[in-house]
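Here is a briefing on one protein model.

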Amino acid sequence: MPELLSRRELNKAATRQAITDAALTLLRAQGPGNFTVEDIAESAGISRRTFFNYFSSTEAALASMTHGFLDNALQQFRQRPAGEPILESARAALMQLADPMTVAPLAELFTLTQDNAVLSRSELEAWDHCTEEIISAARERFAGTPGAVVDELYLRALAGSVISCGKAAMDVWFARCGADLSPASLAVLRQLLIDAMGHLGSGFGSPVPAASPSATSTTATTHLNKERL
């Protein structure tokens, strides 16, 4: 029986992935707002009814990629040591997923949805959902620590700041690199994520003068090449 359940879950995950892949392919080819649920279902080789078993709309199917990235970050957060400061755990969790290959789908979706209000709103909703999940995970950690007092203001301010840093890095990256998804560009995004979390960790002290975009790109590319060795 457990084997059957496992196979069923794998099949469901495969169908879900097929839907999101089809939605992204159509988004690349036709642009936002120019395809329907029926188009996605046909491309994924499923029925319209099956699509709605997984997603409520085309926007939800696309936003699931952002949800997936952020859910992985939450999983990394929950695996951090229980005694580690919450901020350090959040920073470490995000950094685990900041490598160019992992962040590439999120970055591509970001570039493709900027000019569509509905899709942009779905992206923001995904980030807001992650904020609530961070608060919940942090609250669970405090609950498991004897004598710990849960400061709701601290939890919400921290979670909101972490998410805002991630969004700020994405915004600056897009303004700097546009739709460029080359390894060098994604390495710039990685560095911006690291730098944003560094600002949060330092309490937003006096900022170091920003390097030029080209210098940042060169530094990030060098760093990327070192990681591959």
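The points below are grouped by topic.

This is a predicted model, where local features need pLDDT of at least 70, side-chain atom pairs count only at pLDDT 80 or more, and totals for chains, interfaces and linings use all residues. Numbering runs from 1 along each chain as its sequence is written, and side-chain values use heavy atoms, without hydrogens and water.

**Fold**
- The protein has 10 helices and 0 strands (DSSP runs: H or I of at least four residues for helices, E of at least two for strands, numbered from the N terminus).
- Of its 229 residues, 37% are buried (under 20% relative accessible area, 1.4 Å probe, protein chains only).
- Among contacts with a separation of 6 or more, 69% link residues 24 or more positions apart (a contact is heavy atoms within 4.5 Å).

**Cores**
- The largest nonpolar core has 38 residues (buried Ala, Val, Leu, Ile, Met, Phe, Trp, Tyr and Cys joined through side-chain atoms within 4.5 Å).
- F77, V103, I134, V162, W173 and L189 touch the most other members.
- Helices α4, α5, α6, α7, α8 and α9 each supply at least two residues of this core.
- The largest share, 9 residues, comes from α8.
- A second, separate core holds 17 residues, including L24, F51, F55 and M65.
- Leaving out residues up to four places away in sequence, W173 touches, among others, A107, F110, L181, L189 and L192.

**Helix α4**
- α4 (58-78) has 21 residues and reaches 30 Å from first to last C-alpha.
- That is close to the 30 Å expected at 1.5 Å a residue (1.5 Å times one less than the number of residues).
- A kink of about 30 degrees is centred on S64 (the angle between axes fitted to the seven residues ending there and the seven starting there).
- S64 is buried, as are M65 and F77.

Key
Buried means under 20% relative accessible area, exposed over 50%, partly exposed in between (1.4 Å probe, protein chains only).
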